[in-house]
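This briefing goes through one protein model by topic.

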Amino acid sequence: MMNRIFAWGYNFKTAPVEIRELLACSKEELCDLLTAVKSYSGVKELVILNTCNRVEAYAVAEDYHQMHLLVSAFLELKKVSPSYKKYSFFLEGKEALAHIFRVASSLDSMVVGESQIVHQFKEAFRLARGCGGLGKILNRVFEKALRTAKRVRTETGIGRNAVSVSYVAVELARQIFGNLSKAQVLLIGAGEMAELASKYFKKLKASIFIANRTYQRALELARELEGNVLRYEELPDHLHKFDIVLVSTGAKGYVLTKEMVENAMKKRDYRPMFIIDISVPRNADPDIESIDQAFLYNIDDLKGIAQENLKGRLREKEKGEIIVWDEVEKFFRWLELLPIEEKIVKIKSYWADVEKREPKFRRFLHLALEEIKRNPSDSEKLIKILLEEVKEDGDKVRELSYVHNRVDGAGV
């Protein structure tokens, strides 16, 4: 049966953060999850992309039934109700491929043009390859997605003055707090997003403290930023000292609880504290919002600022769309050729000796193969003729004129 490309999942456009965090996958569980879902559903190839703004599956399958099994298995393994399917999207064929290319090119990002997604995209495919999820088609999808991303960056201005989710988070802090030169900022987490945020805060001359489960990593980042380190286990004792707290960790539970923030607010005489949680799953208890003068923002609250960023890039995004669809059409021409790829190799092999003896035939064979590639579905007769003209003993072949006649419909 024909291989079909599908894309299914949840992202910031289809589902709020409280839904996305239920589907979020840690690096540790992704391989087991991918292997189990692929085995149960019977899909031929599978990649799962997990970022703070999306959990998406890209699959090669024979039919909708396999995708139905994939979705059911994924939700069951994540212990999520099937009713949440209403927050997901489902695409097939060219639309699915265009979506994958948009994601890799940052045309579908909350912050259009951000560069982090390329690394995340590569990591998802690297993991899928290691877990046995990739085959010929998704390998090709990966290569073409990166090619598309490169074209979008070089042929449009989408990446000019590029920003990131971390930048938008800091911009939110600046809009709320004003001048950050006197602000005490605590970063909880020292991963890529926290590191980017810390560099933006440094430019704004904020006083930066870093707390991370791995103390050595916090120390390295603090030295680079000329900042300070706070031991992770001492968070409750020092939280009250900070005006802005940015949380970005891979923890599954709440790093900041309502009780911790309540105690901190009492110690700071209820002077405002701004908490920006860009983690998915969320690391700050949503109930913190009920505390007087404690202002909590999650990653979905950044959309407004991200939209402002998008306004200046809409024209470049339209250029990017043209590139995406150009690459989609090229890919599907390759996909259409895939079933006859082996036959083309056989034809080249069967006629190799004649090519060497007959320069004119070399030109004929080249034109014949080009015609097969242009119209694979209409070239079955031509393929049959070129394969049948080889004698079983391999010593003799038909005269060139005879082959021409067969192609023209004579002598059949």
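P281 is placed in the loop between β9 (273–277) and β10. The model is a predicted one, and its protein chain holds 18 helices and 10 strands.

**Overall packing**
- The protein chain has 412 residues, of which 50% count as buried.
- Of the contacts between residues at least 6 apart in sequence, 71% join residues at least 24 apart.

**Nonpolar cores**
- In soluble globular proteins, nonpolar side chains tend to be buried together.
- Here the largest nonpolar core has 64 residues, and L70, F121 and V141 have the most contacts inside it.
- Leaving aside residues up to four places away in sequence, V141 touches I5, L97, I100, F101, F125 and F331.
- Another core, of 38 residues, lies apart from the largest one; M110, V111, L180 and F201 are among its members.

**The parallel sheet**
- Six strands make up an open sheet with parallel pairing, in the order β7-β6-β5-β8-β9-β10.
- The edge positions belong to β7 (228–229) and β10 (294–298); each has a single partner strand, so one side of each is left without a neighbour in the sheet.
- Strands β5 (residues 184–188) and β6 (residues 207–211) run parallel and are joined by five bridges.
- Within this pair of strands, L187 stands opposite I210 in β6.
- Helix α8 (residues 192–203) packs on the sheet and touches β5, β6 and β8 (244–247). The direction of α8 makes about 170° with that of β5.

**Aromatic pairs**
- The structure contains 15 aromatic pairs.
- One of them joins W8 and F74: the ring centres are 5.6 Å apart and the planes lie at 80°, so the pair is edge-to-face.
- W8 sits in strand β1 (residues 4–11) and F74 in helix α3 (residues 64–77), so this pair links distant parts of the chain, 66 residues apart.
- Both W8 and F74 are buried.
- The rings of Y64 and F90 have centres 6.0 Å apart and planes at 35°, so that pair is tilted.
- Y64 belongs to helix α3 and F90 to strand β4 (residues 89–92), so the pair ties together parts that are 26 residues apart in sequence.
- Y64 counts as partly exposed, at 45% relative accessibility. F90 is also partly exposed, with a relative accessible area of 36%.
- Y64 and F90 form one aromatic cluster together with F6.

**Charges over rings**
- R231 lies over the face of Y215, at 3.9 Å from the ring centre.
- K94 lies over the face of F332, at 5.8 Å from the ring centre.

**Positive phi outside glycine**
- K79, a residue other than glycine, has a positive phi, near 55°.
- The loop between α3 and β4 holds K79, which is exposed with a relative accessible area of 75%.
- Y270, also a residue other than glycine, has a positive phi near 60°.
- The loop between α11 (258–267) and β9 holds Y270, which is partly exposed with a relative accessible area of 35%.

Technical notes. Residues numbered from 1 in each chain as written. Predicted model: local features only at pLDDT ≥ 70, side-chain atom pairs only at ≥ 80, totals over all residues. Heavy atoms only, no water. Core = buried A, V, L, I, M, F, W, Y, C linked by side-chain atoms within 4.5 Å. Buried < 20%, exposed > 50% of the residue type's maximum accessible area, 1.4 Å probe, protein only. Contact = heavy atoms within 4.5 Å. Phe/Tyr/Trp six-rings, centres within 6.5 Å; stacked < 30°, edge-to-face > 60°. Helix = DSSP H or I, 4+ residues; strand = E, 2+ residues; numbered from the N terminus. Lys NZ or Arg CZ within 6 Å of the ring centre and 35° of its normal. Pairing = 2+ DSSP bridges. Axes fitted to C-alpha atoms, helices over the stretch in contact; angles between N-to-C directions.
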